[in-house]
Amino acid sequence: MSEGELLNRALAFHRQGRLADAEPLYLAAIKAAPQDAAALHLLGVVRAQQARNREALELMTAALKLKPDAPEILSNYGNVLKTEGRAAEALASFDRAIALKPDYAAAWTRRGQALHDLGRLPEALESVDRALAFNANHVESLNARGALLSELGRPDEALAAYDQALRQAPDFPDTLNNRALLLKGLRRPEEALANVERALTVDPGMAEAWNNRGIILFDLKRMAEAIGSYDRALALRPDYAEAFNNRAVAKAGLKRFADSLADCDQALAFKPDFADALYNRGNALTELSRPQEALADYERALAIDPNHPSALSG
């Protein structure tokens with residue numbers, strides 16, 4: 001099989017989500033043509049989807065050495081940098097992609113997400129709106145716009161953006177999950193639950209949605225179901241500090257304070273400066289008649305976040 005045939009077969013599997021079938025074909029294509037930027041890039045995308053981000057960056061760096069002016073490679077490289085918490089570098093990569101392809105709606109949106117991570121929310125919204133100027137019904141952009149508007153305290157506009165996205169893609173799980181969180185904040189928990197459960201019907205492997213389902217069930221005082229939802233999130237992402245913390249709150253609601261303490265400890269093992277988990281650990285220690293240790297946790301939480309707002313984390 002020629003290198004081109006290998007690449008085409010790999011890409012067909014990749015588009016079907018069959019990463020295990022695509023991977024060996026990409027590797028064979030690279031072996032057949034080590035200077036093929038496309039195979040290096042696409043295997044890098046597979047590695048990113050497998051959460052093997054260091055390998056993804058290495059492959060995409062190699063692809064960019066061969067093809068430095070490829071906007072798609074630059075955009076995907078930026079995605080991985082953003083996932084790794086390197087938002088400023090991601091922003092530079094998106095800027096390069098857009099300079100080469102000014103109407104690249106996905107890159108404008110991802111640029112907005114990098115700006116969000118840098119705390120530059122108004123600029124982030126402007127970037128997403130640039131994407132929508134090129135494609136008014138771009139689902140990823142509408143979803144990102146809704147998330148930004150929600151964070152900027154503009155819930156009605158956020159809901160309209162999510163609704164427009166769902167008219168284009170009724171089962172897009174990210175939008176359903178985000179809409180659920182917005183509805184929860186608007187004190188519409190039953191609608192919120194329906195949305196997050198729709199998201200999970202489409203993508204049962206979405207750990208964030210299981211966590212958010214738990215938060216909504218907690219608000220509905222359905223503690224045991226909330227704990228079950230957090231269990232599902234943690235089965236998918238064993239290092240999910242927010243889910244450990246939220247499960248700790250639900251267990252405390254059932255007066256399972258020793259179990260709650262254990263979950264707080266797990267959350268802090270993965271995220272040592274997690275103010276919510278410290279606060280909730282202090283609550284568990286208080287209930288377990290360990291006031292001095294509780295006070296130390298409260299003081300650490302306040303040192304990290306003097307305006308600590310809540311014990312639940314999404």
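Leaving out neighbours up to four places away in sequence, Asp-297 is in contact (heavy atoms within 4.5 Å) with Leu-278, Arg-281, Gly-282 and Leu-285. Asp-297 sits in helix H18, residues 291-304. Helices here are DSSP runs of H or I with at least four residues, strands are E runs of at least two, and numbering starts from the N terminus. The relative accessible area of Asp-297 is 6%, so Asp-297 is buried. The cut-offs are under 20% for buried, over 50% for exposed, and partly exposed in between, using a 1.4 Å probe and protein chains only.

## Basis of the model

This is a predicted model: local features need pLDDT of at least 70, side-chain atom pairs count only at pLDDT 80 or more, and totals for chains, interfaces and linings use all residues. Residues are numbered from 1 along each chain as its sequence is written, and side-chain values use heavy atoms, with hydrogens and water left out.

## Overall fold

The chain holds 18 helices and 0 strands. Its radius of gyration is 22 Å, close to the 20 Å that the globule rule gives for 314 residues, so the chain is as compact as a globular protein of that length. That radius is taken over C-alpha atoms, and the rule is 2.2 Å times the number of residues to the power 0.38. Along the principal axes, the C-alpha atoms fill a box of roughly 70 × 40 × 35 Å.

Of the 314 residues, 47% count as buried. Take the contacts between residues at least 6 apart in sequence: 48% of them join residues at least 24 apart.

## Surface and charge

The accessible surface of the chain is about 15,100 Å², and 51% of it belongs to carbon and sulfur atoms. Areas come from the Shrake-Rupley method with a 1.4 Å probe; for residues, only the protein chains shown count as cover.

There are 38 positive and 44 negative side chains, and the centres of the two sets lie 2 Å apart. Lys and Arg are the positive set and Asp and Glu the negative one, while His and the chain ends are not counted. Each charge is placed at NZ of Lys, CZ of Arg, CG of Asp or CD of Glu.

## Glu-225 in H14

Glu-225 belongs to helix H14, residues 223-236. Its relative accessibility is 36%, so Glu-225 counts as partly exposed. Beyond four places in sequence, Glu-225 touches Arg-213 and Leu-217. Ala-38 is 187 residues from Glu-225 in sequence and 46 Å away in space, C-alpha to C-alpha.

## Helix H5

Helix H5 covers residues 71-83. At 1.5 Å a residue, its 13 residues should span 18 Å, and the end C-alpha atoms are 18 Å apart, which agrees. The expected span is 1.5 Å times one less than the number of residues.

Buried residues of H5 include Ile-73, Leu-74, Tyr-77, Val-80 and Leu-81. The buried residues of H5 pack against H3, H4, helix H6 (87-100) and helix H7 (105-117). Gly-85 follows H5, with a positive phi near 80°.

## Positive phi in two loops

Most residues other than glycine have a negative phi. Ala-51 has a positive phi, near 65°. Ala-51 lies in the loop between helix H3 (37-49) and helix H4 (53-66). At 61% relative accessibility, Ala-51 counts as exposed.

Ser-289 also has a positive phi, near 60°. Its loop runs between helix H17 (275-287) and H18. At 60% relative accessibility, Ser-289 counts as exposed.
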